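Work through the following exercises with the sequence and the model open beside you.

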Amino acid sequence: MGSIETSAVRLDEWTPARVRRTATVTVGLLMGVWIIDYVDRVMMAVALPYIGQEFALSKTEQGWLITVFSLVYLLCQVPGGVLADRFGSRRLLVVSLVLWTAFTALTGLAWGLVSLLVIRALFGVGQGLFPGASFKALAERTTPERRATAAGSILASNQLGAGLAPLVVAPLLLVFGWRHTFWVVAVAGVLIGVALWALMPKALPSALSGSDRIAGQTASGGGGLALVIRSPSVWKFAALFCATNMLGYGMITWVPSYLMEERGISLLNTGVLAAIPGLVMCLTTFVGGWLFDRFFHDRARLYVIPLLLCTAVLLVLMLRADSAAGFTIYQTLALAVAGLSTMGILGMPFRALPPAIIGSGMGVVNVGGQMAGVLAPVVMGWLVDRFSYTAAFGLLIGTTVLGALIAVFVPQRPEQFSLATKETV
C-alpha cells in the first residue's frame, strides 16, 4: 500500500457535505477508540490498591506497573507513526486495537509482579501503535483549516475516557473483582474494533487533505522520518509535551490511591471524585482546540504560557486544601485550565506537519509526552514511599512551571516551523 490513502475520484465529486461527513465520521470513530484506550489504561490505576494488596506491592512497585507500560508505549510511538505512513492508517488502527484488547484480557490472568510487568509491557506495544495511526487517519480525512479543532475533539476524548474510567471501573471492581473487570472491558474493545473496521470512511483526495504539500521537501530530505528527526521544532514540542503531560499521568495514577488511603474515601466515592476532573478537562480540551484554531493559531506562546502558570497556582491551592472536596475542586480547576492549553501545545506541529509525514512527526512529539508516562508514576511512587503524597504532587507543580518556560522557545507560526535542521524561531 502507498504512503497516502487517497480516493481515485474527481475533486468535484467531493462536495462540502461529503468532506464534512468524512471528517465527522472519522472523528467520531477515533473518539470512541480513544475513550476505550484511556479506560483500559486508567483502570490499572483505579485497581492498583487491590492489586497491590493481593501481591503485597510497595508504592514504587505499583508505580512500575504504570511505568513499564508507558516505557514500551513510548518506544512504539515512532515505529507506529512510520508504519502508518508506510502502510496506511486503517489497517494499523485495527491491529493496534486487537493487540491491546487481548492484553487487557490477559491482565486478569496475572499471577504476580513479574507476569503483570510482562503483560503490561505487551499491552504498551498494542496501544503504542495507535497514536501515529490515529493522527494519520485524521490528517487524511480532514482539511488543514479544520484539523486542530478535529484533533481537539479526539484529545478531549482522552480526558472523557480518563473521566469515565473511575465511574465504570469502580463499580465493576466491587461486583466482579479486579481480574474479571479487565475481561469485561476487553469485550468493549472488541466491539469498537468491529465498528472501526466497518465504518471508517475513505481518505480525502490529497488536494483536499493537503497531503500533496511539500512533497518535494519530503522527497529531497531523505525520507519523512529523517526529516522529522532532524527538525529542532519537533523536539522542542516533544520537550514541551513531556513537561506538561506529567500532570495528567501523575493525577491519573495516584489520585485514586491518595483519596482512598489519605482521605479515607470509599471506592465508589473515589471513583466519582477521580472522574470529575477528567470529565471537566474533556470539555475544556475541546474548547481549547476551537479557541486555538479561531484566535491563537499563530500566537501559541501568548495562549499557552499564562494557562500553564495559572494551572501551577491552582495546584498549589490543591495541596493546601483541608478536605477531599477542596482537593477535588482545585484539582478540577487546575486540569480544566490545563485542558485549555492542550491544543496550543499540540496544535502547531499538527497543523504545520504535512499529512504525508504526520504519522512520523506526531510520533516523535508523542515520544516526549509519553516520557512523562514513564517518569511520573514511578517517581511519584518513590516520593510517596520516601516522603509523602504532598511531595509527589508537588513534583507536578514544578513540571508545569517547566512547561511554561519551555513554551518560551517553541515556534509560534507555521512559517517558523521547519523540517530543516536550522530554523529561525
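**Exercise 1: the second largest cavity**

The second largest cavity has a volume of about 100 Å³. Here a cavity is a set of points on a 1 Å grid over the protein atoms alone where a 1.4 Å probe fits but cannot get out, and lining residues have an atom within 4 Å of a point; grid points are joined across faces, edges and corners, and a volume is the space filled by probe spheres set on the points. This is a predicted model, in which local features need pLDDT of at least 70 and side-chain atom pairs count only at pLDDT 80 or more, while totals for chains, interfaces and linings use all residues. Residues are numbered from 1 along each chain as its sequence is written, and side-chain values use heavy atoms, with hydrogens and water left out.

Task: describe the lining of the second largest cavity by residue, helix and class.

Solution. Begin with the 13 lining residues, of which Arg-41, Ile-66, Tyr-249, Ile-252 and Thr-253 lie nearest the centre. Next, assign them to helices (DSSP runs of H or I, at least four residues, numbered from the N terminus): helix 1, helix 2 (59-75) and helix 11 each supply at least two residues, and helix 1 gives the most, with five. Finally, sort by class, where Ala, Val, Leu, Ile, Met, Phe, Trp, Tyr, Cys and Pro count as nonpolar, Asp, Glu, Lys and Arg as charged, and the others, Gly among them, as polar; the lining then divides into nine nonpolar, two polar and two charged residues.

**Exercise 2: the largest cavity**

Task: state the volume of the largest cavity and say which helix supplies the largest share of its lining.

Solution. A search of the whole structure finds three cavities of 30 Å³ or more, and the largest has a volume of about 610 Å³. Its lining has 44 residues, with Tyr-38, Gln-159, Asn-245, Gly-248 and Met-281 nearest the centre. By class, the lining has 28 nonpolar, 15 polar and one charged residues.

**Exercise 3: the largest nonpolar core**

Solution. A nonpolar core is a set of buried Ala, Val, Leu, Ile, Met, Phe, Trp, Tyr and Cys residues joined through side-chain atoms within 4.5 Å, buried meaning under 20% relative accessible area with a 1.4 Å probe, protein chains only. The largest such core has 116 residues, and Leu-30, Leu-93 and Phe-327 are among those with the most contacts inside it.

**Exercise 4: Val-364**

Task: decide whether Val-364 is buried or exposed, and list what Val-364 touches.

Solution. Val-364 has its place in helix 15, and it counts as buried because its relative accessibility is 1%. Not counting residues up to four places away in sequence, Val-364 touches Val-78, Val-228, Val-234, Trp-235 and Ala-238. Val-364 and Pro-79 are 285 residues apart in sequence, and their C-alpha atoms are 9.5 Å apart in space.

Technical notes
On a 1 Å grid over the protein atoms alone, a cavity is a set of points where a 1.4 Å probe fits but cannot get out, and a pocket is an open set with protein on both sides within 12 Å along at least five of seven lines; lining residues have an atom within 4 Å of a point. Buried means under 20% relative accessible area, exposed over 50%, partly exposed in between (1.4 Å probe, protein chains only). Contact means heavy atoms within 4.5 Å.
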